[in-house]
Amino acid sequence: MRESGALKLLTDTWRGRFGVAVILVAVFVSIFGTLIAPYEPEASSLDVLQPPSLDHWLGTTESGADVFSQLLVGTRVSVLVGFAAAIISAVLGSMVGIASGYFGGWTDRILDALENWFLVIPTLPLMIVLARLLDPSLIVLIAVIGFTSWAGTGRIVRAQVLTLRERSFVERARALGAGDGYIIRTHILPNTLPLIFASTVLIIAVAILSEAALAFLGLGDPTRISWGTMLQNAFDSGAPSAGAWWYVIPPGLCITLLVLAVSLLGFLYEEYINPRLRRES
Amino acid sequence: MSLLEVKDLTVTHRGKPIVDGVDFELNRGESLALAGESGCGKTTTALALMKMLPEGLKQKGGIVLRPPGVEDPINVHRRTETGMQVVRWRHISLVFQGAMNALDPVQHIDDQIGEVIRLHERKVTGKQVKARIDDLLVTVGLTAKLGKRYPHQLSGGQRQRVMIALALACRPSLVIADEPTTALDVVMQAQVLQLLESLREELDLSLILISHDLGVLAETCDRIAVMYAGRIVEIGSVETVFSNPQHPYTKRLLDSLPVIGGRRGLAPPIPGGPPDPGDPPGGCAFHPRCPYSTDRCLEDPPPVEVGPDHLAACHFSPWSSWPEVEPQKVRVDA
């Protein structure tokens, strides 16, 4: 019954259908974007800042490159950074959350203080500082975003583990001499996974936005085109004031659509694991 | 020779006694009821017998177990944590309170029973474990097929049976059941109690049954120990204690049971509330609520033998008759 419930939420609600469709397209384009792109994304030409035409569906950039091709190729960075950073954040968050909730005592105090510190500090400035310190590259971007966004997951996981470790089935395993590693592997982690997953999905959205923000500020990987670097180039070249809307709106819209799709799926999943959130339908 | 001997068992929390000098013995195949209100120390006593008290509680006093087939008696009170891990479930096991919390929601029933067996017998093969799990499920009146289910797919009664199967997984000689029938409807209660009863005979188990439901205890147990504020105030065979209670608390407790065909309306409740665990009134802890209390009750009452194998801790026992209680004599300052 529950198994079909999850699918039903995906296929029977417009939020589920929209989210799945956008993400499938994004993943497809991020894999095959370089093949579909009609032009070399960075090939310059003399057709500078041309409005959309049959040759260039979304016009051209300040150096005469095809906007549509850049958009397709840029998908890869957004998707890659979003998913990879979220996975790093999930691993970090659940490790810290489980350790601090399960072991308690000083471990908990130290890790909890660390978590609070990461929660309180404004994430974007921290990311900017870290990205500035290190040489900009895709790996650095992923690491910086993952490293600054795990605290929320850690907090949720810790709360769940605190209740789990007092349950009788954990007590029973412990009373029979089961080690901490065993208890965490067989009882704690499987019972926390749904929560970890739910908060990770939402972090994907945050990571995609963060990548765009960092790239827009010139802290992205300079060797790769992403939606964020497209926006940066557009603003640097004065495209908005030149009325070149075709250069600014498409990457912005793509970021919005992808973040929206991921968030909707995240909320749907939260509703699925916490039926109290489900709307009357 | 008794299977379990408990001598002066005391559990303290920051120096305050939660369980205060509990003594009792339990024979092989016998079942003992632990009765009393919430917070009187029933569960704490049970956990202390297995050295499974939560952090912050300290226990003292002798606990000696003489399981059949084991040469030397097991001195539970002198065992270390590692030493106890071998004893738990193999010799004494526990049916936890609340079947919902006691089963892992994301594991199959099979795996949870298998875990208990594997943690104890590291060399056992997968086939053997599977055979024993199927056996256990049948023993507690379920089918082996149910092992492939998750706890939420079982009914309350089935879950309680799984809990009993878990307790029996390593063939213990003593099972402690903590409120095994709360949260079950009356029909299910009767079935679970019947199951415990038949298992006791079949497997030669000793049973400690913890409950505040006197009806349940009367049906299932040979002997009953009534606890109040961390002490046993009366202990004896179920027949004698129920027909001839010798402690005012037991008397009032039994009076509060409705009797089919008895008078209509409820019996007068015991005035006041249970004392703060860890800070009971001095002397006989029941004296502020006892209609018969006098100044003598400010002293600790020693357990008095009031009949064969029947002890009561009241200065005035044995009571030959119970005086009628005048309501105004009841002091409600507890």
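This is a predicted model: local features need pLDDT of at least 70, side-chain atom pairs count only at pLDDT 80 or more; totals for chains, interfaces and linings use all residues.
Q: Which residue in strand β9 (residues 223-228) of chain B is the bridge partner of B:Leu32?
A: In β9(B), the partner of B:Leu32 is B:Arg223. β3(B) and β9(B) pair in the parallel sense as well, over four bridges.

Q: How do you know whether strand β3 (residues 31-35) of chain B is enclosed by the rest of the structure?
A: A residue is buried if 20 or more other C-beta atoms, placed from the backbone, lie within 10 Å of its own, exposed if 12 or fewer, and partly exposed in between. Five of the five residues of β3(B) are buried, so this strand is largely enclosed. B:Ser31, B:Ala33 and B:Ala35 point one way, B:Leu32 and B:Leu34 point the other way, and all of them are buried. Of the 334 residues of chain B, 43% count as buried.

Q: Why are β2 (16-26) and β5 (74-75) of chain B placed where they are in their sheet?
A: The open sheet has four strands in the order β2-β1-β4-β5 (chain B), with antiparallel pairing. β2(B) and β5(B) each have a single partner strand, so they stand at the edges, and one side of each is left without a neighbour in the sheet. Further in, eight bridges join the antiparallel strands β1 (residues 4-13) and β4 (residues 57-65) of chain B, and B:Glu5 stands opposite B:Val64 in β4(B).

Q: What makes the radius of gyration of chain B agree with that of a compact globule?
A: The radius is taken over C-alpha atoms, and the globule rule is 2.2 Å times the number of residues to the power 0.38. For 334 residues that rule gives a value near 20 Å, and chain B has 21 Å, which agrees. Along the principal axes, the C-alpha atoms of chain B fill a box of roughly 65 × 45 × 35 Å. Chain B has ten helices and twelve strands, which are DSSP runs numbered from the N terminus (helices are H or I, at least four residues; strands are E, at least two).

Q: Which residues of α3(A) and α4(A) meet?
A: Contact requires C-beta atoms, placed from the backbone, within 7 Å. A:Val96, A:Ala99, A:Ser100 and A:Phe103 in α3(A) meet residues of α4(A) including A:Leu111 and A:Glu115. The axes of α3 (residues 67-103) and α4 (residues 105-120) of chain A are 7 Å apart, at an angle of about 145°.

Q: How do you know which part of chain A gives the most to the side that touches chain B?
A: Eleven residues of chain A are in contact with 16 residues of chain B. α8 (168-175) and α9 (180-216) of chain A each supply at least two residues to that side of chain A, and α8(A) gives the most, with four.

Definitions and conventions: Residues are numbered from 1 along each chain as its sequence is written. Chains are lettered from A and ligands numbered from 1 in the order in which they are written. Two residues are in contact if their C-beta atoms, placed from the backbone, lie within 7 Å. Two strands pair if DSSP finds at least two bridges between them. Axes are lines fitted to C-alpha atoms, for helices over the stretch in contact, and angles run from 0 to 180 degrees between N-to-C directions.
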